[in-house]
Amino acid sequence: MQMGQVSLVNSTLFMVNEPTCVHQVLSSKVDNYPKHHLLGEALRPLLGESIFTTNGAQWQRQRQMMNPSFAQARIQVAFGHMQEATDAMLQRIAQWDLNTSHDVQEEMTHVTADIIFRTIFSTSIDSEHAAEIFAAFSEYQALSPRLTLPLVYGLKWLVPFWLRQRSDKAAQRIRQHLMAIIAPRFAQRDAVADQAPSDILGSLLQAKDEATGERFSSEELLNQVAMLFLAGHETSASALSWALHLLAHSPAIQERMHQEVSSIAGNAALQADQLKSLALTWNVFRETLRLFPPVGFFARGVAAQDHMRDKTLKPGDSLVIAPWLIHRHRGLWERPDEFDPDRFTQAAGKASAREAYLPFSAGPRVCIGAAFAHQEAALILATIVRRYRLTPAPHHTPQPVGRLTIRSANGMLLHLTER
Ligand code: HEM
């Protein structure tokens, strides 16, 4: 396996794809490979100093304070919100004209944004603030590739002033709306301190720094909430859209999934404890994340000189780890381009998964929302497949592009037929 490298203006960018080297970066020498500074620069107007971009002691404090919000028990509390948003999705789909195809990417973005909104705030995405935040996020995302690409090549001056200004304004609008929801809850936090939190904001309001006993300031809360909204819906929407696309092309797997969910829940509402029994549904999701990992690559910096294979890495160099490449490498996976959810039940697939599967990254900075994402994905996929049969839209081939996540540039058109 080659370790590619690209010379930049004063540094080198390395592609790190071999499992032992990936382990070195993400786990065994994690302190030497902090999150890339460009990520922080690109996202700071929107997310401030959030857990996604910080490093060292600042990140450790934030992670320790946020972990309890994503513990299994809290995710079970979130299930009720997920169910409400999934019911609202079914009601929207019920309005569709099923004689024509529909862009499921749009619907998956809507339902996952609704879920993250309800789980953070106990408020639906259709409320006034939420709808405005959603619109400003879409604008911010559309502008982001044109802002970040020049930074990668050290060509900051190539970003036109008006573009930066428009993007910063969208970020400010999002932050103002989020703060309008956070501020009254922040003011009330002592009054409700003895009540069990019913949403993520409630649990973040109570979170304490183990060392000092301090709680998040309102500005820190705003940063974390903005980040959770972004990281928590954009990724899941991407994965779910690709899952529906893959299922539309695999009628036999759809039928097996339909049987699985019907045998476990009949026509009744799915319960949180039933989701774990949906083995095939989980494997469909895992296999989708293998073929189309929403975070297709992630970037790290180099703090101190280190060696990897025959290369010397110097401070200031950059590394890119690309799950999108690793998950499809012939030397690491059998039939890598084939959609085969059952591979995770077989010895070869299990071995590959242990060595070369990182849709949620790995090591201490592994995605905090992985269990949350699995739960919402299983619920949404099982709910759709139980009620509808999916088929591809004629003459439509989705075009994968690496934006904030791996999306289809021309939408994800599918036909749905009621069962
Ligand atoms: C299919 C869905 C998801 C995928 C594929 C995914 C993937 C990832 C990946 C690859 C990272 C590490 C990025 C890096 O190291 O540069 C990450 C970090 C993170 N994710 Fe997710 N994510 C998903 C859903 C979620 C959800 C639902 C939430 C929250 C509700 C979330 C919150 C976070 C946070 C807070 C981090 C930063 C963790 C840290 O640095 O300590 N993610 N995610």
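Ser 122 comes out as partly exposed, at 40% relative accessibility; here buried means under 20% relative accessible area, exposed over 50% and partly exposed in between, with a 1.4 Å probe and protein chains only. The model is a predicted one, in which local features need pLDDT of at least 70 and side-chain atom pairs count only at pLDDT 80 or more, while totals for chains, interfaces and linings use all residues. Residues are numbered from 1 along each chain as its sequence is written, and side-chain values use heavy atoms, with hydrogens and water left out.

Back to Ser 122: this residue sits in the loop between helix 5 (104–121) and helix 6 (128–152). Helices (H or I, at least four residues) and strands (E, at least two) are DSSP runs, numbered from the N terminus. Most residues other than glycine have a negative phi. Arg 335 is another non-glycine residue with a positive phi, near 40°. Its place is the loop between helix 13 (323–326) and helix 14 (347–356), and Arg 335 is partly exposed too, with a relative accessible area of 34%.

The loop between strand 1 (5–7) and strand 2 (12–15) holds Ser 11, which is buried at 18% relative accessible area. Leaving aside residues up to four places away in sequence, Ser 11 touches Val 6, Gly 316 and Asp 317, a contact being heavy atoms within 4.5 Å. Strand 2 also pairs with strand 7 (residues 318–321), this time in the parallel sense and again over three bridges. There, Met 15 has Val 320 of strand 7 as its bridge partner.

Helix 7 (residues 161–187) has 27 residues, which at 1.5 Å a residue should span 39 Å; the end C-alpha atoms are 37 Å apart, so the two values agree. The expected span is 1.5 Å times one less than the number of residues. Helix 7 does have a kink of about 30° at Ala 180, shortly before Pro 184; the bend is the angle between axes fitted to the seven residues ending at a residue and the seven starting there. Among the buried residues of helix 7 are Leu 163, Ser 167, Ala 170, Ile 174, His 177 and Ile 181.

Helix 15 (residues 370–387) reaches 26 Å from first C-alpha to last over its 18 residues, close to the 26 Å expected. Helix 15 is mostly covered, with 16 of the 18 residues buried.

The largest nonpolar core has 118 residues, and Val 16, Met 108, Phe 121, Ile 321 and Phe 372 touch the most other members. Helix 9 (residues 218–248) gives the most to this core, 17 residues. Such a core is a set of buried Ala, Val, Leu, Ile, Met, Phe, Trp, Tyr and Cys residues joined through side-chain atoms within 4.5 Å. The contacts of Phe 372, not counting residues up to four places away in sequence, include Phe 70, Ile 75, Met 82, Ile 115 and Ile 200.

As for cysteines, Cys 21 is buried at 4% relative accessible area, whereas Cys 367 is partly exposed at 35%. The disulfide count is zero, taking a disulfide as a pair of cysteine sulfur atoms within 2.5 Å.

Technical notes. Two strands pair if DSSP finds at least two bridges between them.
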